[in-house]
Amino acid sequence: MSLLEERAPRLREPLIMLAALALGLVWGVNALTNRDPLWFWPWFDQPAVEIRITTAGREYTFTPGMPGYERLNEALRQILSGLNIEGYEPQIGLSEATLSEYRQGMDALTVWARYDPPTQIHTAYFFPKADLLIIPLKGPHAELRPVFGALRGVIRLGALRLRDRRALEEAVQEVLP
């Protein structure tokens, strides 16, 4: 064996190290930005302690054990999991007028899911823990397919954007009288 053969460069080890460093950097930046070390985890599985639906000035409440609760909770798990989170809308927020429209508007249909303890939706987008998720199906902002978050009564600016919310829309239609 000659000296040249013994000193042949090995590319595999440096490439593996470079790939590991890149993955670690991507994970670290997203973990710090989102305050969620599991931001890459594609499943959402925390049950809501209460799910309310408001439409045409009426409110319907569903809690564990009530008819319709499991159907709604499973639909929430489905739409908040995996690749169904399409993006983030940083500039939209909820004014008091919009919240009033969600609660009492004749053309509004909104799902309000309350969590205790606060829940974390794992995503690469900035969306910290929330104890209330607000999902308008009809009314202001509904065309964006947003999920707004609130913690201790403070609704945050910005919203996740869903790719598809049909599972929740179908569940709502099934459980409403």
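**Helix faces and nonpolar cores in a predicted model**

On the side of α5 that is turned away from its buried face, the exposed residues are Arg166, Gln173 and Glu174. The structure described here is a predicted model. The buried residues of α5, by contrast, are Ala167, Leu168, Ala171, Val172 and Val175. When the helix is viewed down its axis, these buried residues of α5 fall within an arc of 130°, so they line one face of the helix. An α-helix has 3.6 residues a turn, so residues three or four places apart point the same way. The elements that cover the buried residues of α5 include β1, β2, α3, β4 and β5.

For α3 and α5 the angle is about 170°, and the axes lie 8 Å apart. Because angles over 145 degrees count as roughly antiparallel, α3 is roughly antiparallel to α5. On the side of α3, the contact is made by Arg71, Leu72, Ala75, Leu76, Gln78 and Ile79, while α5 contributes Ala167, Leu168, Glu170, Ala171, Val172, Glu174 and Val175. Taken by type, the residues of this contact comprise 9 nonpolar, 1 polar and 3 charged.

Helix α4, which spans residues 96-104, has Thr98, Leu99 and Tyr102 as its buried residues. Seen down the axis of α4, these buried residues fall within an arc of 100°, so they too line one face of their helix. Glu96, Ala97 and Gln104 are exposed on the other side of α4. The buried residues of α4 pack against β1, β4 and β5, and also against β6 (146-151) and β7 (154-155).

The largest nonpolar core of the model has 32 residues, and those with the most contacts inside this core are Ile53, Leu80, Val111, Leu133, Leu168 and Val172. Two or more residues are given to the core by each of β1 (50-55), β2 (58-62), α3 (69-79), β4 (109-119), β5 (130-138), β8 (159-162) and α5 (166-175). Apart from this core lies another, of 10 residues, among them Ile92, Leu94, Tyr102 and Trp112. Leu133, when residues up to four places away in sequence are not counted, touches Leu80, Val111, Trp112, Ala113, Tyr115, Ile121, Phe127, Val147, Phe148 and Gly149.

Ile121, one of the residues touched by Leu133, lies in the loop between β4 and β5. With a relative accessible area of 1%, Ile121 is buried. Leaving aside neighbours within four places in sequence, Ile121 is in contact with Asp36, Phe44, Leu80, Ile85, Phe127, Leu133 and Leu160. Ile121 and Gly24, which are 97 residues apart in sequence, are 21 Å apart in space from C-alpha to C-alpha.

A further loop residue, Val49, is found between α2 (12-34) and β1. At 27% relative accessibility, Val49 counts as partly exposed. Val49 and Pro64 are 15 residues apart in sequence, and their C-alpha atoms are 6.8 Å apart in space. Pro64 is also among the residues that Val49 touches, together with Thr63, Arg114, Tyr115 and Asp116, again not counting residues up to four places away in sequence.

Note on methods:
Residues are numbered from 1 along each chain as its sequence is written. This is a predicted model: local features need pLDDT of at least 70, side-chain atom pairs count only at pLDDT 80 or more; totals for chains, interfaces and linings use all residues. Side-chain values use heavy atoms; hydrogens and water are left out. A nonpolar core is a set of buried Ala, Val, Leu, Ile, Met, Phe, Trp, Tyr and Cys residues joined through side-chain atoms within 4.5 Å. Buried means under 20% relative accessible area, exposed over 50%, partly exposed in between (1.4 Å probe, protein chains only). Helices (H or I, at least four residues) and strands (E, at least two) are DSSP runs, numbered from the N terminus. Contact means heavy atoms within 4.5 Å. Axes are lines fitted to C-alpha atoms, for helices over the stretch in contact, and angles run from 0 to 180 degrees between N-to-C directions. Angles under 35 degrees count as roughly parallel, over 145 as roughly antiparallel, 65 to 115 as roughly perpendicular and the rest as oblique. Ala, Val, Leu, Ile, Met, Phe, Trp, Tyr, Cys and Pro count as nonpolar, Asp, Glu, Lys and Arg as charged, and the others, Gly among them, as polar. The arc is that of the directions from the helix axis to the C-beta atoms.
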